[in-house]
Structures are given as C-alpha cells and as structure tokens.
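Here are a few exercises to work through with the model open beside you. Try each task before you read the solution below it.

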Amino acid sequence: MRLSPRQAFSLIAAYALLAAAWGWRLHADDPAPSGVNPLLADTRTAIASSLARAPAHLQQPAVLQLALLPDHQVEALHAWLKAAPEQRLRQLTVREGPLNTPSPLNTALVFVELTRADAPLIEDSRLLLSASGDRISEPHKIEALELLASQAAAAGERTLAIEIHERVCAFPSATWQHALALIEAARAARRPAAALRVVKDWLSETPSRLDAAQREAALDLQISLLLEGSRYAEASRVTLESLRALKAGAAIPARLMQRALLATRAAGESAELMPWIERQLRASPDHQLSLKDLAAKPSVDAGYRHWLAEGACIADLNHQSSIACEFFFRLAALGETHVLARLHALVAQLGRGRELAAVLASLQHRFPPHQLAQALAEGDAPAAARAFLTAHLQSSADDREGWRMLAQIDMALRGEAASTMLWQGFLKRFPGDVTAMRQLAACQVSAAQPRQALDTLQSIPVGQLDEPTLRHIAALAVQLDDVPAAHRAQQLLVASSAHPSARDVLALATTTLQHPDAAAAHEALSEAASRLPAGTGFHRFLTAIPGTVEATHFSTAAKSE
C-alpha cells in the first residue's frame, strides 16, 4: 500500500513522539547530568499536563514541538509559568514571549490560558486576541474568540458575547455558521437589530458566499428578525419588492410567498398580496377544475389547498366578496366544511343559493347531513343549519343523529327553557336513547327538577349505566332523601369496579344503616365487604355492622338497637 506524503509524515512524527516518550520514561529516574538544569524536565511535564485543556486537534502538534523544544526556550517557559495570568496571555499574543510564533505550542497554550480558573477577564482576553496579528493564525483566532463568546454567554454577559461574535464575523474567512452563532446570541439578548445587520451584510455581498439553501435561510431570517423588531412595514416592503422583481411567467417560490404572507399580515397589508395569491392559484392544474370535478377528485395538492384558504380569508377580510365567495366554494368542494357558514352569508349577499345547494348535495356523499348542519350551526348560521336539516329529515325520518342535531340547533335558537321539551320530544321518537336521556336529566337539573332528573336516569337500563351516571343518581338520591335509590346506585358502583374504593364502600355502608329493608341492604354490604382485603381494620369494621338498625332520617349518623 502506497502512502501519501502527508500520511508518511504523520506516521514518522507519531513514531518519533512514541520513541521520545519511551526514552523520557526510561530515563526519568536517572540522575540529571552535570551542567543540565534540573527544572527542564519538570517544566516539560507541567506544560504537557496543561495541554490536556487545549482542543484535541492542537494537542499532538503541540506535544511534538514541546518534545523538540531547545533548552533555552524551555527555560523561558519555566519563567513564563511564574508570571501572572494576564501577563502570560500577553506574552502569547501581543508581547515577546517564550516561544516563536506562530507555532502549534504557542496556539495551544493560548487556549490553555483561556480555560484556566484564574484566566484574565473575558473582555481583556478578547482585546489581546484581536490585537495578536499574525502571532495566531486566523482560523485559530476565530476558534479562540468563539470560546470567549460562549464563556461570556454562560456568564450572562450577552452584550459582550454579541460583540465577540461580531468580531468573528468581520474576518474574511468567517462562514455562515459563524453568522448564525451571532444571530443566536443576539436573539438570546433580545437584540434583533444586531442580528439583522449581519444578515443584511451577507445578503448584500457580491459575489455572494451563500449557496442557494443558505440564501433562502438568510431571507427567512431577515423577515423573522424584522418582525421580531416590530418593523412590520419594512418586512412587508422587502417581500413585496421580491415578488415584483419576478418575471411575468416565472414560478413564485413557495418560501417567498410564505414570507410575504407573514410580513403583509403583520403590517396589515395582506390585500397587497392578493394578485400573487391569484397568480399562484392559476398556476395550479386543480384551479382549472369545476366545482363538481374538484369535489370528485380524491386528492388535491396541499399547496393549492393552503393558498386557496389564505386567499379566501384575505379577500373576505378586505371586503372582496366575489373573490372570497369563489374561493370558499372551492374550499367547500374540497371538503373544508368549516367554511360553510361564512359561505352561506356570502351566498345570501351575491344570490348564489343554487350553487350552495349543489355543493351541499355533493358533500352529502362524503359527510353525513348532521355533520354538515353542525358545521353551519357552529359557524353562527343556526337558521341555515335548521333549514338544511329539516329538508333532509323530511325524506329521512329515521335519521337519529339528524334529529339529535336538530334538537341541539333548536336549543340554540329557542334557549335553554325549551331544552327539556325538545329532549322529551326526541325520546318519544327514539325511546331508550341513553345519550338523550342523560341530556334530558341534565336539563331537568338545570330547571330545578331533581325528582324528574332522578326518574329519567333510573330509567336507563342497568347495563348502560356508567360510573358518572351512577354517581349522578347517588347525588340526586341523597339530595331527595331517597335512601333505596342512593343505596342501589352505590351498590352498582361497588359491583362494577374490580377494586372498589374505600370511599364507595363506606358510602354503601352509610346507606345500608338507614335502608328500610335492612336484611337486603346488609346482604349487599356483606357482598361488598367480601371484595375488600381481609384482615384490615376497615374490613373488620364493615363485617361488625349489625343487620338491624334504628333508622331515622337520612344522615351519616345511625343509632344501633
């Protein structure tokens, strides 16, 4: 296998370092030769240990240089180690120091000094690095400044972090990633203007250093930062100018349209976007289909649906009723039932009732009539919903959900006072409907008719009584002093639970003590107690309750015979 010159050099250097390390280790305990400074080995050891705090890619070159360093420079390093932290960093950056610069060891020691616990102030370190000239190469200088920026951010000095990132971005070799770091720092400091400056600088460069994806990201950031800085009119102007700069037949980029939508909406100028929305829609094949064909199409492009909805809302907001109505018709044909109520209001203004009836008829193949009526009612068009549903029920009298929705719509139109009568009428048509019976009971409680509500809930078959209904029955029975009804509800609650709670069993015991049929009540209590863990104090308490009690009025106190 042939090695490249770079690989061969790396291999030789690695072996040389290994040989030097083993030689140093084998002779570490040898007495120092006469005439050699005994501090040299200690100095090399101290420097080598400190290099562990340098970036990994700098450690090997620095160790190699340290191993081959002349003795007089090692002696200079020994003196350098005794200096104050700020003086050490000055000698590595702006003053004459112990090493020749630029060099791997000098650069690595700069990072070591920046990460010491007693490192100089971040601001002082920034100034020294910025003034270091060619003593530190530009890539390493950028790396060191970014380290200082992260330290400043961690210390809560966000303004200083921004200034350091700005210094990094001023280097010719700075990349878009460095600009993104500045933008993140500025946003964290809530200073969008500082981030916006660097984005504008990158966008205005000629020739541009951004590729297509980075440029789109920069344009998105520009609008986001303008909006964050409350510069809505400027954001709108920038996006609209970009749209106007497009050639007549050119496709409109989706991200540009989305930026323009956000900006013009924030600036209150969404009407200015309508020509481009219409142009975007006309470019879609789906826009050429009739309402009937559009409703029959199984799937439609998501982008077309999105801009159709945005265009309808913008046109409606700006009183462009004919455009809004047309777009709402197309949305309804696509199955967007939430637009039906607003469409009904526009149709009434423009006299397009027949078209709405045709759209509703086509939608009935995809949605049940009661769901369409619900969409109309929820959109503040209950009268239209009632008319539509009444016409449907004339031909489909057995549509239970349709009648249920009609009762709900009539409640909205006639008020809560008519709710009891409406649900009673529904139950005459569909007796035994449990959902309607619960609704009727709720209306009766609201109308201060607890006895009727209790009777309604007790008429529900036992197999369809859920926990909330049973608790409702028990509460009403307690309110009405109906001990058998309360006892029966509590008994069913305990029986329906695999692990009945102590509260439910205790409530059953309370009603048992006051039940007129003491034997039957005590039998039910005994059955409930058998389902509890045996041997507990609560179990012994329940099994000790006598079967005959002197019951007076309904209360939690009972007097034993």
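**Exercise 1. Find Phe 426 and decide whether it is buried or exposed. Then describe its ring partner.**

Solution. Start with the accessibility: this is a predicted model, and in it Phe 426 has a relative accessible area of 4%, so it is buried, the cut-off being under 20%. Next, look for a ring beside it. The ring centres of Trp 423 and Phe 426 lie 5.7 Å apart with the planes at 80°, and because an angle over 60 degrees counts as edge-to-face, that is the class of this pair. Now place the two residues: both belong to helix H24 (residues 419-429), where they sit three residues apart, about one turn of the helix. Trp 423 is buried too, at a relative accessible area of 1%. Finally, widen the view: ring pairs join Trp 423, Phe 426 and Phe 430 into a cluster.

**Exercise 2. How many aromatic pairs does the structure hold, and which parts of the chain does the pair of Trp 176 and Trp 202 link?**

Solution. The count comes to three aromatic pairs. For Trp 176 and Trp 202, the centres are 5.7 Å apart and the planes meet at 65°, so this pair is edge-to-face. The pair links distant parts of the chain: Trp 176 is in helix H10 (residues 176-188) and Trp 202 is in helix H11 (residues 192-204), 26 residues apart. As for accessibility, Trp 176 is buried at 6%, and Trp 202 is buried at 4%.

**Exercise 3. Which arginines lie over the faces of Trp 202 and Trp 403?**

Solution. Take Trp 202 to begin with: Arg 209 lies over its face, 4.1 Å from the ring centre. Then turn to Trp 403, where Arg 429 lies over the face at 3.7 Å from the ring centre.

**Exercise 4. Explore the largest nonpolar core: which residues have the most contacts inside it, and what surrounds Leu 343?**

Solution. The core has 76 residues, and those with the most contacts inside it are Leu 243, Ile 277, Phe 328, Leu 340 and Leu 343. Helix H18 (residues 321-333) is the element that gives the most to this core, with seven residues. Apart from this core lies another one, of 36 residues, including Ala 62 and Val 168.

Now zoom in on Leu 343, which lies in helix H19 (residues 340-350). Leu 343 is buried, at a relative accessible area of 0%. Setting aside residues up to four places away in sequence, Leu 343 touches Cys 325, Phe 328, Phe 329, Ala 332 and Leu 356. Compare Ile 277: beyond its neighbours within four places in sequence, Ile 277 is in contact with Met 257, Trp 307, Gly 311 and Ile 314.

**Exercise 5. How many disulfides does a search of the whole structure find, and are Cys 313 and Cys 443 buried or partly exposed?**

Solution. The search finds zero disulfides. Checking the cysteines one by one, Cys 313 is partly exposed, with a relative accessible area of 47%, whereas Cys 443 is buried at 11%.

**Exercise 6. Summarise the whole protein: what is its secondary structure, and what share of its residues is buried?**

Solution. The secondary structure comes to 31 helices and two strands. Of the 561 residues, 41% count as buried. The protein exposes about 29400 Å², with 56% of that supplied by carbon and sulfur atoms. To finish, consider contacts between residues at least 6 apart in sequence: 56% of them join residues at least 24 apart.

Key:
Residues numbered from 1 in each chain as written. Predicted model: local features only at pLDDT ≥ 70, side-chain atom pairs only at ≥ 80, totals over all residues. Heavy atoms only, no water. Helix = DSSP H or I, 4+ residues; strand = E, 2+ residues; numbered from the N terminus. Buried < 20%, exposed > 50% of the residue type's maximum accessible area, 1.4 Å probe, protein only. Contact = heavy atoms within 4.5 Å. Areas by Shrake-Rupley, 256 points an atom, 1.4 Å probe, with all protein chains shown as cover. Phe/Tyr/Trp six-rings, centres within 6.5 Å; stacked < 30°, edge-to-face > 60°. Lys NZ or Arg CZ within 6 Å of the ring centre and 35° of its normal. Core = buried A, V, L, I, M, F, W, Y, C linked by side-chain atoms within 4.5 Å. Disulfide = S-S within 2.5 Å.
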